Amino acid sequence: MEPGNTVTLLALAEALIQLDRFDEAAGVLEQVLREDPADARTLLRLGFLEFERRRYERARAHFERVLALNPEQPEVTYFLGVVLRRLNQPDAAVEAFERIVQPFLQNLERLGVKGTIRMVDSAQYTRRLNVFDYDIVVGNFAQSDSPGK
């Protein structure tokens, strides 16, 4: 593969990921980063790859580099919060999640609605869901590019 062909290398890395050849995919992505260390797409993909491999410290480093390049990416901040939770750093995870929700609260305030953030444990969350004791909840739905994965 010739250097400088980032699009081809990224496509190769995606194909390797689909084939569950994660080590090879990581090598290709790292090759792209050697050519352009500030390529946010590649850093983000490496972060997701390391997350899938349960290498949370590495995933954290990649997500933080992406946010250093462009802090206005709520989806990256969300995944950083998830990684921080997996690393048993709940205070840092809460800060990441609050950074995502805070702009929403500011927009509500402009409309005259006062909002607050309340973190609850999983038992309290389940109880509140069951009795509809909430106004808004945050959640995510896992998705895959291919069925069964």
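Mentor: Contact means heavy atoms within 4.5 Å. Helices are DSSP runs (H or I, at least four residues), numbered from the N terminus. This is a predicted model, in which local features need pLDDT of at least 70, side-chain atom pairs count only at pLDDT 80 or more, and totals for chains, interfaces and linings use all residues. Residues are numbered from 1 along each chain as its sequence is written, and side-chain values use heavy atoms, with hydrogens and water left out.

Trainee: Is helix 3 roughly parallel or roughly antiparallel to helix 4?

Mentor: Helix 3 (residues 40-52) and helix 4 (residues 56-69) pack at about 155°, axes 8 Å apart. Axes are lines fitted to C-alpha atoms over the stretch in contact, and angles run from 0 to 180 degrees between N-to-C directions. Under 35 degrees counts as roughly parallel, over 145 as roughly antiparallel, 65 to 115 as roughly perpendicular and the rest as oblique. So helix 3 and helix 4 are roughly antiparallel.

Trainee: How many residues of the contact of helix 3 with helix 4 are nonpolar?

Mentor: From helix 3, the contact includes Leu 43, Leu 44 and Phe 48; from helix 4, Ala 59, Phe 63 and Val 66 are among the partners. Ala, Val, Leu, Ile, Met, Phe, Trp, Tyr, Cys and Pro count as nonpolar, Asp, Glu, Lys and Arg as charged, and the others, Gly among them, as polar. Two residues of this contact are polar and three charged; the nonpolar number is 11.

Trainee: Is helix 4 roughly parallel or roughly antiparallel to helix 5?

Mentor: Their axes come within 9 Å and cross at roughly 155°. That makes helix 4 and helix 5 roughly antiparallel.

Trainee: Is helix 3 roughly parallel or roughly antiparallel to helix 5?

Mentor: The angle is about 30°, with the axes 12 Å apart. The contact joins Leu 44, Phe 48 and Phe 51 of helix 3 to Val 76, Phe 79, Val 82, Val 83 and Arg 86 of helix 5. The angle makes the pair roughly parallel.

Trainee: Which helix supplies the largest share of the lining of the largest pocket?

Mentor: On a 1 Å grid over the protein atoms alone, a pocket is an open set of points for a 1.4 Å probe, with protein on both sides within 12 Å along at least five of seven lines; lining residues have an atom within 4 Å of a point. Helix 5 (74-86), helix 6 (90-110) and helix 7 (122-130) each supply at least two lining residues. The largest share, 10 residues, comes from helix 6.
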